[in-house]
Amino acid sequence: MEDLKHLVLLIIGILVAFFVVMTMVAYTVLAERRVLGFIQGRLGPNRVGPGGFLQPLADLLKFIFKEDIVPDKSTRFVYFLAPMIATIAALMTMVVYPFGPKITLPLIGSIDGLVIARFDVALLYVLGVTSVGVYGIALAGWSSNNKYSLMGGLRAASQMISYELALGLGLIGVVLQSGTLDLYSIVEQQAGHLGISGWNLIWVQPLGFIIYLIAAIAETNRVPFDLPEAETELVAGFHTEYSAMKFALFFLAEYVNMFTVSMLATTLFLGGWNGPFVHQLPWLGMFYFLGKVVFFLFFYIWLRGTLPRFRFDQLMIFGWKFLVPAAIINIVLTATLQWLGVFDYFSQFLKTQTGFWG
Amino acid sequence: MAVLFILFAGLAIGCAISMVVQRNPLYSAISLIGVFISLACLYVTLAAPFIAAVQVIVYAGAIMVLVVFVIMLLNVEEEERGPLRLRSLIPIAVMLAAVLFAEAVFIIFFVQANPRTPALTVSDIGMTSSIGGGLFTTYLLPFEITSILLLMAIVGAITLARTGGLLSPRAAVVPGAQVFSKEMLDREKYIDDLTPVTTQSTREAEHLLGIENKDQSSKT
């Protein structure tokens with residue numbers, strides 16, 4: 001009985017998380033177009049529904065009903081496999097993020113944290129699944145039998161391999177500090193006065209945060225690192241030959257990746273669901289979490305409206321000669337400070353709960 | 001658990017067979033990735049999540065990406081199935097396979113069925129903390145030696161790749177310009193000289209390198 005209840009709760013959790021993330025992804029696309037419009041002094045889509053609110057639905061319908069063109073000389077099997085790999089790898093990381101703290105529901109009873117799967121190596125799982133996502137893009141570029149696609153796929157693969165390294169190294173500082181790879185415990189450790197003072201970002205990992213943020217933008221192929229789909233050079237990069245729903249899958253994968261990367265940044269650096277008064281009202285935690293994620297998504301869009309694109313050699317030099325050494329310095333620095341006991345001294349003031357503010 | 005084991009073991013075996021049988025190198029590489037991922041899933045069911053994660057990150061996420069990369073760059077065609085070389089090794093292969101099979105049968109039907117075999121105990125050997133603790137205490141020396149070995153491999157790879165003709169790291173490459181190192185002009189005169197020589201057009205570069213097409217230049 002207990003097992004059955006657990007299984008049902010798990011399935012409900014997956015469905016809810018999937019629904020929430022998909023809805024937010026759909027509206028991120030709309031928000032991107034509206035915010036970019038605002039930045040560039042134009043309106044953006046505002047015709048479908050009040051203020052363009054139903055635009056994502058219209059886009060989805062359009063993708064479904066478009067003609068699906070498969071290039072004649074493509075490698076069929078890989079051509080169909082690639083968008084699936086990209087989407088599945090993007091969606092699979094969703095299960096480990098803690099959306100909220102322990103809450104009590106009517107009928108069901110208390111739930112031990114709003115997280116679908118909590119396990120020992122959650123952070124490594126995220127890195128592993130993300131690294132498999134590279135295949136989706138690389139294989140798409142290869143199987144399309146198109147020079148632009150191939151160039152885009154190669155660029156994407158080399159860029160993602162290079163920045164994955166900086167990304168992983170940038171996270172080690174946080175792991176060193178919390179002494180665990182379990183995301184839920186990492187969030188729990190970041191509680192502090194008002195749920196703010198304990199955040200890893202502010203006091204202990206500013207360098208790690210910056211490295212992670214830059215590498216994460218490069219990992220998701222977004223401006224200013226969107227060379228795999230640089231339209232002035234490569235038409236549309238690796239998805240040039242994809243149309244209709246298969247293109248939509250790549251599109252979806254990109255935005256879901258943006259979302260998961262933002263969730264990881266929130267979890268590791270911005271205290272996850274921690275915030276003022278979460279201990280009195282646990283439900284607030286979920287909104288804090290999603291709010292912080294939305295901030296990162298806005299940051300992505302903001303960057304897209306602001307920055308020009310890197311050149312490819314600049315991209316590689318920046319990744320290997322600046323980000324990786326900086327990440328290594330961060331690791332050594334964190335380890336040294338940890339060894340000297342500086343963080344313990346800090347956390348006496350910052351991370352301990354006080355009864356009143358809690 | 002048994003269902004999961006059968007599922008992933010079957011997947012691993014299927015992918016492994018497909019890897020050997022496929023004639024397109026890229027399909028073989030994809031099958032190998034499938035093998036790695038199924039193995040990682042098996043590790044998870046064996047309570048070794050850390051090893052599973054590392055398996056995916058290192059093998060599926062890094063090494064195989066490079067293999068796929070090379071296959072994509074070389075644009076390898078489908079291999080023709082030629083006559084079988086090393087035909088004499090077939091009996092040995094069959095014999096080895098038989099030994100392996102016999103071993104598996106022995107373990108399942110004799111060792112595990114034996115009441116004196118100690119029952120499986122839950123251990124935390126595959127957990128992150130126990131692996132980390134082991135690496136930095138009991139096995140510190142082998143761990144350090146392996147690190148130095150890896151470092152040597154990296155340095156060696158770079159040294160081998162840098163033999164001549166390459167630009168110095170400071171050479172600025174501007175799109176549209178042709179840049180090569182001084183060493184390429186005259187290998188005897190400038191040995192290991194990586195000073196960049198910049199030319200503004202392809203013809204200028206051809207002229208400097210002495211490879212310009214005489215017929216075309218006389219026409220224009």
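## Contacts and fold of chain A

In this predicted model, 78% of the contacts in chain A between residues at least 6 apart in sequence join residues at least 24 apart. The chain is built from 13 helices and 2 strands. Its radius of gyration is 21 Å, close to the 21 Å that the globule rule gives for 358 residues, so chain A is as compact as a globular protein of that length.

Taken along the principal axes, the C-alpha atoms of chain A fill a box of roughly 65 × 50 × 45 Å. Of the 358 residues in chain A, 46% are buried.

## Fold and confidence of chain B

Chain B contains 8 helices and 2 strands, and their order along the sequence is α-α-α-α-α-α-β-β-α-α. Among contacts in chain B between residues at least 6 apart in sequence, 42% join residues at least 24 apart, and buried residues account for 13% of the 220 residues in this chain.

The average pLDDT of chain B is 79, with 80% of the residues scoring at least 70. Among the elements of chain B, the highest mean pLDDT, 90, belongs to helix 6 (residues 140-161) of chain B, while the lowest, 50, belongs to helix 8 (residues 214-219) of chain B.

## Where the chains meet

For the complex, the predictor gives an ipTM of 0.81 and a pTM of 0.79. The contact between the chains involves 17 residues of chain B and 20 residues of chain A. On the side of chain B that touches chain A, the elements giving two or more residues are helix 2 (25-45) and helix 3 (49-74) of chain B. Helix 3 of chain B provides the largest share of that side, with 12 residues. By class, the side of chain B that touches chain A has 15 nonpolar and 2 polar residues, and no charged residues.

## The nonpolar core

The largest nonpolar core has 116 residues, and those with the most contacts inside it are Ala138(A) and Ala215(A). Leaving aside residues up to four places away in sequence, Ala138(A) touches Gly153(A), Ala156(A) and Ala157(A) in chain A, together with Val68(B) and Met72(B) in chain B. In soluble globular proteins, nonpolar side chains tend to be buried together.

## Individual residues of chain A

Asn145(A), although not a glycine, has a positive phi of about 60°, and it lies in the loop between helix 4 (122-143) and helix 5 (147-178) of chain A. Asn145(A) has 14 other C-beta atoms within 10 Å and is therefore partly exposed. Asn221(A), likewise a residue other than glycine, has a positive phi near 55°, and its place is the loop between helix 8 (206-219) and helix 9 (231-234) of chain A. With 23 other C-beta atoms within 10 Å, Asn221(A) is buried, because the cut-off for a buried residue is 20 or more.

Phe318(A) is found in helix 12 (residues 312-340) of chain A, where it is partly exposed, with 18 other C-beta atoms within 10 Å. Phe318(A) and Tyr163(A) are separated by 155 residues in sequence, whereas their C-alpha atoms are 9.7 Å apart in space.

Key
Residues are numbered from 1 along each chain as its sequence is written. Chains are lettered from A and ligands numbered from 1 in the order in which they are written. Helices (H or I, at least four residues) and strands (E, at least two) are DSSP runs, numbered from the N terminus. The radius of gyration is taken over C-alpha atoms; the globule rule is 2.2 Å times the number of residues to the power 0.38. A residue is buried if 20 or more other C-beta atoms lie within 10 Å of its own, exposed if 12 or fewer, and partly exposed in between; C-beta atoms are placed from the backbone. Two residues are in contact if their C-beta atoms, placed from the backbone, lie within 7 Å. Ala, Val, Leu, Ile, Met, Phe, Trp, Tyr, Cys and Pro count as nonpolar, Asp, Glu, Lys and Arg as charged, and the others, Gly among them, as polar. A nonpolar core is a set of buried Ala, Val, Leu, Ile, Met, Phe, Trp, Tyr and Cys residues joined through C-beta atoms within 7 Å. pLDDT is the predictor's confidence in each residue, from 0 to 100.
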